[in-house]
Amino acid sequence: MKKLLIISILFGYLISYSQVLKVDKLNFKIDLRSRGEYWNTFLKSDSGTQRYFFILSRARVFAEFSRKSISMQFAFQGLKALFLPESAVDGAGKVYFDNNKERAPDKFSILLLNLSGKLGNFYFKLGRVSIEDGAEVFHGEQKFDMLKKTRISERLVGSWDWTNAGRRYDGLICGYNGKKFNANLFAARVLGGGIDFKNTGKWLDISIAGASLTFSIPGSDLRIFDIFYQDERDEVLKKLNLSEKIKLHTLGLSAIKLFDHDNSQIDIVGYTAFQFGNFGQFTQRAYAFIGEFGYQIKSTSSPWLRFGIAYASGDENKLDNTRKTFFNLTPTNHKWYGNLDMFSFSNLLNLYIQFMINYKFLNLNSEFHIFKLANGNDDWIAGSGAFNNSSLGYSALAVSPGRTDLGKEFDFVSTFKFLKNILFEIGYSYFWGSDVVKNVFVRKPNKNWLYFQFMFQFL
């Protein structure tokens, strides 16, 4: 109650302040989300909870004040979970409970607090911000911008908003937006959150910075980027037996191209990255690439079929001084490698097919994934990056050397739009474990998951 009172007073102050300054625009938004999840998970033995249900709820309130070319943005969020399982053997419920140690944790926190402005083609944003690499600039073309948002952005640095708390950053974003190119820079401290309620909004001992140059012509987009990541969390380094900091550069290139063909449209998405630096006392040399092909018919329901491959290198020899496992930084992995969130973009080969239909108030999305380890001598790695100062943010599970087949996953999501600001979503996923998974979860190598989600926005 004390935190809620403080936030309410601050909100009142901001409104009063905006009246004194006679701002040009004063915008408010309330964003509510509640999700129920049922899990039927893997099983190693007869002990532990295999089936369980829990609820995640989140309320966010946004305010933006603008005067001339200067804007101030403020947002806070209230988080609540119910019925988290105490003895789950696997799945999201186990991860939430293990990191919060409560069945019904809650938290109020400041989500955003920043000042932004424009001077001609130059722009900046300073304070608590959301950083989504790959989404530095959009072009106003619906299909093209959707591809950037859903197939490129947040591969390495993201807001992780699928989780209840999400992830934000304290720092600076600035750049220049020209007619045919965009230059963008950011430097920030990573904040806690995601699955960890109590550490939401707290500074982590992780610094991240990036630069990108995006060239755009109608129907095409080419982006060159470099992201620097430095992790100096003492507890994490100690757990990993690292005597030095993690200091990595990820240099990469992404591209999107659209082709119109009669009453259909073809899209090609490409992405490649090379990683170098030091992972503690080890020399980092790793790489990753993604290739996608899409075909969409221009009709009322706009059916869209996509094929893709995503590859992130693994390490064939973990005993030498060179580490070849691609490190995923702080992404939003729920968007990419199966809705069950069992894989990160590290030591992974993912072949996938996606089919989507968008018809008025109904969106349908189905995906089928084949997962393999990129290298059978390396670990099975899961996670979506740092969320507190005591965990790397990724779990590495040792597997039998030489085995690479992880399994197959089917995902289905349907989204219903009621009125203008109400969405209801229901999703189902099923995973069939193969050699690697069967060798770990000997009692039950399959997993399924059902969720329903209600979202409401008041503008």
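I381 is in contact (heavy atoms within 4.5 Å) with T325, M342, F343, S344, S346, Y394, S395 and A396, leaving aside residues up to four places away in sequence. This is a predicted model, in which local features need pLDDT of at least 70 and side-chain atom pairs count only at pLDDT 80 or more, while totals for chains, interfaces and linings use all residues. Residues are numbered from 1 along each chain as its sequence is written, and side-chain values use heavy atoms, with hydrogens and water left out.

**I381 and its strand**
- I381 lies in strand β17 (residues 380–383), where helices (H or I, at least four residues) and strands (E, at least two) are DSSP runs numbered from the N terminus.
- I381 counts as buried because its relative accessibility is 11%; buried means under 20% relative accessible area, exposed over 50%, and partly exposed in between, with a 1.4 Å probe and protein chains only.
- Between I381 and F327, which are 54 residues apart in sequence, the C-alpha to C-alpha separation in space is 9.9 Å.

- Just after α2, K101 adopts a positive phi of about 60°.
- The second largest pocket holds about 1200 Å³ of space; on a 1 Å grid over the protein atoms alone, a pocket is an open set of points with protein on both sides within 12 Å along at least five of seven lines, whereas a cavity is a set of points where a 1.4 Å probe fits but cannot get out, and lining residues have an atom within 4 Å of a point.
- Grid points are joined across faces, edges and corners, and a volume is the space filled by probe spheres set on the points.
- Of the 40 residues that line the second largest pocket, G91, V95, D341, A382 and S395 lie nearest its centre.
- The lining of this pocket receives at least two residues from each of β1, α2, β17, β18 (394–397) and β21 (446–458), and α2 gives the most, with six residues.
- By class, the lining of the second largest pocket has 20 nonpolar, 12 polar and eight charged residues, with Ala, Val, Leu, Ile, Met, Phe, Trp, Tyr, Cys and Pro counted as nonpolar, Asp, Glu, Lys and Arg as charged, and the others, Gly among them, as polar.

- The largest cavity is lined by 13 residues, of which I110, L111, R168, T200 and G201 are the closest to its centre.
- Strand β4 (residues 106–119) supplies the largest share of that lining, three residues.
- The second largest cavity contains about 40 Å³ of space, and its lining includes D133, E136, R223 and D226.
- The largest share of the lining of the second largest cavity, four residues, comes from β9.

**Strand pairing around β15**
- Strands β13 (residues 304–312) and β15 (residues 348–359) pair in the antiparallel sense over nine bridges, where pairing requires that DSSP finds at least two bridges between two strands, and A310 stands opposite N350 in β15.
- β15 also runs antiparallel to strand β16 (residues 362–372), joined to it by 11 bridges, and M356 has N365 in β16 as its bridge partner.
- β15 and β16 form a hairpin with two residues between them, and K360 in the turn has a positive phi of about 50°.
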